[in-house]
Each structure stands twice: as structure tokens, then as C-alpha cells.
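Here is a short briefing for a first look at this structure. Please read it beside the sequence and the 3D view.

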Amino acid sequence: MKLSVRLAGLTALAALLATACAPQTSSNSSSDKDEQTGTLRVWLFQEVGNAPKEKVVDSVVADFEKAHKGTKVDVEYIPIDTRAQRVKAAFNDPDSAPDVMEYGNTDTAGYVKDGGLLDVTGEFGDWSEAKDTDPTAQQSVTVDGKIYGAPFYVGVRALYYRTDVFEELGLEPPKTMAELATTARKIRAAKPGLYGLVVGGAYTYGAMPFVWANGGELANGKGGSYASGIDGPEAQKGIKAYTSLFGDDNCPAAKCAGMGGNDTISAFAAGKAGMAIGGDFSHTAVEAGKVKGKYAVVPLPGVKPGSIAPAFAGGNNIGVLKSTSHRTLAVDLMEQLASKKTQSALFDAMGFLPTFTDVRQQVAAKEPFVKPFVRTLSAGTKFVPASPAWAQIDSSLVLPTMFQEVISGKKDVPEASEDAAKKMNAAFGSAG
């Protein structure tokens, strides 16, 4: 999802939810029915300013109902903040569950372990449009080599900077991470009322590009068997690079250590920073702020000149619930909601970046602000471990705690990263 905070407590609920699912049949569905008519229930997320999204979905639904006589689609928009309770209830009570559901892309592994999502590997492979899916987006619907949905949209971060400040100080957009730090300190020195590069100790997905660019990894492994990599030498180098930005010469720890991603974008939009790491989804907020017309965006630079730091590929997916009694219809509707036509329309309506590489190039040609984000995606992105343990790691604030311990001076990088690795490994171990 766009938000870095995921469903809390899913891992703890896994055993309870798994027992609520009926035994699998050969069709991989909890239901032995595949009805060709009737009502399909759909849950989608309620966005801020949701009307344009509803208009696009209404068009998809109308076409679907026209193509499938005797079928009705009932769409409900559910609040993102309370989705955990709704999903838990759906997994426990198939009669109240939707057939098709939107969900955050880091929730895939947890939902699969909970027995809630339908394996659509065969259908996805037969879907003609699937071949153009971005590899990282496809990874976000894949667990143990099987596919449990279709990517819906992707979100990625890049470097926002103040064009007026850069022009006044004679600065150029940084081409390396070292230049990024130097440029940030030049801005702070010349304009003490501004953060150079506003950073946040609780901004996990703003920090991770520093780890990845230096060759570090969150974790290593696959197939549900992971071991933390956050205490590796390359990861530690990236942690040092990020935490070194917290200080009076850039972003004072007393003010910045507790900041999350939304806080950093709010500061930039309010004209309080020379640079910020923000997403394509931050564009609307920045446009509504004091810096409108006085900023630009470039990819976040990597370690080597001309390189782009790997970014986290966030976003949402569309999946079919295992309990559906309309498997064929539900999968068809999933594909229509996640199709190239729909994703293109959702970009126009909501600014959601498409998960298809060809459609992304088309929208970038239409809207210049998208280009640095598309370049970032094309350079290669990263994703979280495909383990149900990630929900626990994320909600337990393991990584923000690590960064904040270093920033505060409570622990050095080796000690803080080793402690974080122990917590991550405990979570991976408990997830099975």
C-alpha cells in the first residue's frame, strides 16, 4: 500500500484464522461451487477523494454485468484504517466474505497463510495482459511460487527538491548519495530555517534505499524460510549513511527522529525543507502546499554517479477469496479490475501508477511529473520478504526502533542492527 504501516497482528491471528477455513478441494477453493450467475461482492479501499475511483469502477462493473447475463456486482468501499477487523471477519465467516478484495501488497503472505486468498496461478498465466506486469509487482502477489491475485497499482518514492532554493544557492540535483548529504548540509548552512533533506527516524521506506543502494538486504531466503540481513556489513553501511543525516547540520535529531513519511512530506510541502524523499502518491499533497510551482522531482541517486537507489515498490493488489462460490466469474472480474484499460483510467482519475510496464510508459508521456518515478521503477525496485512474519516485524516497529536507537546514540550501528536482526529472526521463526 501507499502507507508503510500494515495490518497489525495478522501473524498472531494466523492460527485462529486458518482453523476457520474449510478444507481445500481440488479447485483450491473452500467452496465446491462455481456458480455462473448471481451476485459478486467486492471490497475496495475508500480513498481520500474517492469519487473518481468509484466512477472508473462503475464503468468496469457495467461492462462486466453486460457481458455476464444474470450476474450482479455489489461494490463496497471499506475504510483502510479498519480493514483488519473486516478481513478477519471475512476469513472466519465465508458467508459474509466478499468474492473479490483489494489489499495491500505487503499483506499477501499473511493472507495466504491465513487461508484467505485463492491460488490463481493458472488463470494468471493464461491472462494475455499478465506478460507485461512489472516483475516486482508480480512478486507482490507471489508466495512460494504460486500467484494469489493481480497487481492493481504501484507506489514508489523519489527525491523532491526546491528549485527556487537550488537556483538561489547555485546547486545542482545530487548525482550520488554522498552528494545528497553534502547538498543537504549546504542548504542547512545557508538557510538555517530549513532542513536540508528532511528525514524521519520512523520512515522505514525512506531509509531502506540507503541500505539497498549500499548492497544490503532486509532479509535473505525464500519459500517462507528467511533470515535477517539487516546486520550485514553492507546493510550497516547504509544504516550509517541514513542516520548520519540526523543532526543540527541537516535535520536535528530532536525534531526528526520521530518523524514518519507523512511528516517529512508535510514539512516539505509547508516550505520547511530543501529536499524530501516522497512518493508519486505525495504529489497531490505537495501541489496543495506552499511550494507549488517551486519544486521538481528526480530519482533518488545511488552510490555510484548516475545510478538510481533501489526503492520500495509499494501499492495494492486485487485478489479472489478462497471461499468464493463464483470462482470463474470472480477471477474474470479480478482481471477486469486490474486490466490495462482500468489501470490507465485509474491513473487519470486518481494518479495511481500502473503495474504494467507498457501502460506506465504511456502515462509518463502524458504527465511529466510521473517520469522520475517511472525511471526509478525501471531501474529496479525492492520488496519486503514474502513471509507472514513481515506484518509482525512492521507493526512491531523493529526497523524504526533500530534507526532511532542509532540516532539517539543509545546504540551504535552494529549493536542496533544485530538486535533488530534477532527480533526479525524470531518473527521469521514463529511464522514457520
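A disulfide links Cys251 to Cys256, with 2.0 Å from S to S. The term covers a pair of cysteine sulfur atoms within 2.5 Å. The structure holds 1 disulfide. The torsion about the S-S bond of Cys251 and Cys256 is about -85°, so this disulfide is left-handed.

This is a predicted model, in which local features need pLDDT of at least 70 and side-chain atom pairs count only at pLDDT 80 or more, while totals for chains, interfaces and linings use all residues. Residues are numbered from 1 along each chain as its sequence is written, and side-chain values use heavy atoms, with hydrogens and water left out.

**Terms for the sheets and helices**

- Helices (H or I, at least four residues) and strands (E, at least two) are DSSP runs, numbered from the N terminus.
- Two strands pair if DSSP finds at least two bridges between them.
- Axes are lines fitted to C-alpha atoms, for helices over the stretch in contact, and angles run from 0 to 180 degrees between N-to-C directions.
- Contact means heavy atoms within 4.5 Å.

**The sheet of 5 strands**

- This open sheet runs in the order E2-E1-E3-E14-E6, and its pairing is mixed.
- Strand E2 (71–79) and strand E6 (150–155) are the edges; each has a single partner strand, so one side of each lacks a neighbour in the sheet.
- From one strand to the next, the twist averages 20°.
- Strands E1 (residues 38–46) and E3 (residues 100–104) run parallel and are joined by 2 bridges.
- Trp43 has Met101 in E3 as its bridge partner.
- Helix H2 (residues 51–67) packs on this sheet and touches E1, E2 and E3. The direction of H2 makes about 160° with that of E2.

**The sheet of 4 strands**

- This sheet is also open and mixed in pairing, with the order E8-E11-E7-E12.
- At its edges stand strand E8 (195–198) and strand E12 (295–298); each has a single partner strand, so one side of each is without a neighbour in the sheet.
- Neighbouring strands are turned by 20° against each other on average, direction ignored.
- Strand E7 (residues 157–162) pairs with E12 in the antiparallel sense, over 4 bridges.
- Opposite Arg162 stands Tyr295 in E12.
- Helix H8 (residues 177–190) packs on the sheet and touches E7, E8 and strand E11 (273–279). The direction of H8 makes about 140° with that of E8.

**Terms for the helix pairs**

- Angles under 35 degrees count as roughly parallel, over 145 as roughly antiparallel, 65 to 115 as roughly perpendicular and the rest as oblique.
- A crossing is left-handed if the near helix is turned anticlockwise from the far one by less than a right angle, and right-handed if clockwise.
- Ala, Val, Leu, Ile, Met, Phe, Trp, Tyr, Cys and Pro count as nonpolar, Asp, Glu, Lys and Arg as charged, and the others, Gly among them, as polar.

**H10 with H19**

- Helix H10 (residues 233–243) packs against helix H19 (residues 398–408) at about 60°, with axes 10 Å apart.
- The two helices H10 and H19 are therefore oblique to each other.
- H10 passes H19 in a right-handed crossing.
- Ile239, Tyr242 and Thr243 of H10 meet Met402, Phe403, Val406 and Ile407 of H19.
- The contact of H10 with H19 has 6 nonpolar residues, 1 polar and no charged ones.

**H19 with H20**

- H19 and helix H20 (residues 413–430) cross at roughly 165°, and their axes come within 9 Å.
- H19 and H20 are therefore roughly antiparallel.
- Their crossing is right-handed.
- From H19, the contact takes in Val398, Leu399, Thr401, Met402, Glu405 and Val406; from H20, Val413, Ala416, Ser417, Ala420, Lys423 and Met424.
- By class, the contact of H19 with H20 has 8 nonpolar, 2 polar and 2 charged residues.

**H16 with H17**

- Helix H16 (residues 357–366) packs on helix H17 (residues 371–379) at about 155°, with axes 9 Å apart.
- H16 and H17 are therefore roughly antiparallel.
- H16 passes H17 in a left-handed crossing.
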